[in-house]
Amino acid sequence: AGLGAFHGINPAMGWLFAVALGLNRQSRRIVWLSLIPIALGHALSVAVVVAVIVTLGVVVDRRIVETGAGIALLAWAAYYALYGHRHRVRVGMRTGLAGLALWSFLMATGHGAGLMLVPAIAPLCLAGAAGRELTAAGSLPVALAAVGVHTGVMLAVTAAVAAIVYEWLGLEFL
């Protein structure tokens with residue numbers, strides 16, 4: 001819940017775009033409608049990560065998937081530390097609801113949405129391991145509940161911040 005609230009406050013997670021769309025179209029309704037593509041982009045990101053991990057886990061040995069994920073994460077961190085600040089994509093704040101869904105998907109994926117499910121879904125990839133049913137059955141519902149709480153709180157905070165900024169603060173405080 002705390003991480004969901006933290007992500008909801010982050011302007012990159014969508015409230016800034018929701019407010020910008022609302023101000024651009026002079027519509028409170030658009031601010032609220034913007035929450036739908038934000039939620040869909042986040043959910044799609046989680047679904048893609050889960051599908052990739054489960055597919056890789058069924059086809060490839062679990063150790064190779066874990067090692068590859070670790071190496072990819074370290075390589076990305078090293079690249080970003082060395083070159084990330086020089087290769088920023090510059091885009092404007094004008095977009096539609098489809099663009100907002102794409103932005104939400106990219107931001108959620110970039111921030112690791114779905115990766116928190118990896119420990120819960122990894123046991124689903126163990127074909128003949130002893131205790132597979134116990135591990136998968138016990139961890140997956142808890143992980144999905146955690147993702148639901150996280151996403152719900154993120155959307156609630158995003159909506160609250162967007163409403164406060166749209167109704168009272170405006171973008172000048174940024």
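Y79 and Y83 are four residues apart in helix α5 and are therefore separated by about one helical turn. The model is predicted. The two tyrosines form an aromatic pair, and the structure holds two such pairs.

- Helix α5 spans residues 62-83 and includes Y79.
- The rings of Y79 and Y83 are tilted, with 5.6 Å centre to centre and 45° between the planes.
- An α-helix has 3.6 residues a turn, so residues three or four places apart point the same way.
- Y79 is partly exposed, at a relative accessible area of 35%.
- Y83 is likewise partly exposed, and its relative accessible area is 37%.
- Both tyrosines belong to a nonpolar surface patch, which also contains W76, Y80 and L82.
- Together the patch residues have about 560 Å² of accessible area.

**The aromatic pair between α2 and α6**
- Of the two aromatic pairs in the structure, the one formed by F17 and W103 is also tilted, at 5.2 Å centre to centre and 50° between the planes.
- This pair links distant parts of the chain, since F17 lies in helix α2 and W103 in helix α6, 86 residues apart.
- F17 has 8% relative accessibility and counts as buried, because the cut-off for burial is under 20%.
- W103 has 25% relative accessibility and counts as partly exposed.

**Helix α2**
- Helix α2 covers residues 15-25, and eight of its 11 residues are buried, so the helix is largely enclosed by the rest of the structure.
- The buried residues are W15, L16, F17, A18, V19, A20, L21 and G22.
- Just after α2, Q26 takes a positive phi of about 50°.

**Helix α6**
- Helix α6 covers residues 97-110 and has 14 residues.
- From its first C-alpha to its last, α6 reaches 20 Å, close to the 20 Å expected at 1.5 Å a residue.
- L100, S104, M107 and A108 are the buried residues of α6.
- Seen down the helix axis, these buried residues fall within an arc of 95°, so they line one face of α6.
- A98 and G110, on the other side of α6, are exposed.

How values were computed. Residues are numbered from 1 along each chain as its sequence is written. This is a predicted model: local features need pLDDT of at least 70, side-chain atom pairs count only at pLDDT 80 or more; totals for chains, interfaces and linings use all residues. Side-chain values use heavy atoms; hydrogens and water are left out. Buried means under 20% relative accessible area, exposed over 50%, partly exposed in between (1.4 Å probe, protein chains only). Helices (H or I, at least four residues) and strands (E, at least two) are DSSP runs, numbered from the N terminus. Patches are made of residues with over 30% relative accessible area and no salt bridge: like charges are joined within 9 Å, nonpolar side chains (Val, Leu, Ile, Met, Phe, Trp, Tyr) within 5 Å. Accessible areas come from the Shrake-Rupley method with a 1.4 Å probe; for residues, only the protein chains shown count as cover. A salt bridge is a side-chain nitrogen of Lys or Arg within 4 Å of a carboxyl oxygen of Asp or Glu. Rings of Phe, Tyr and Trp (its six-membered ring) pair if their centres lie within 6.5 Å; planes under 30 degrees apart count as stacked, over 60 as edge-to-face and the rest as tilted. The expected span of a helix is 1.5 Å times one less than its number of residues. The arc is that of the directions from the helix axis to the C-beta atoms.
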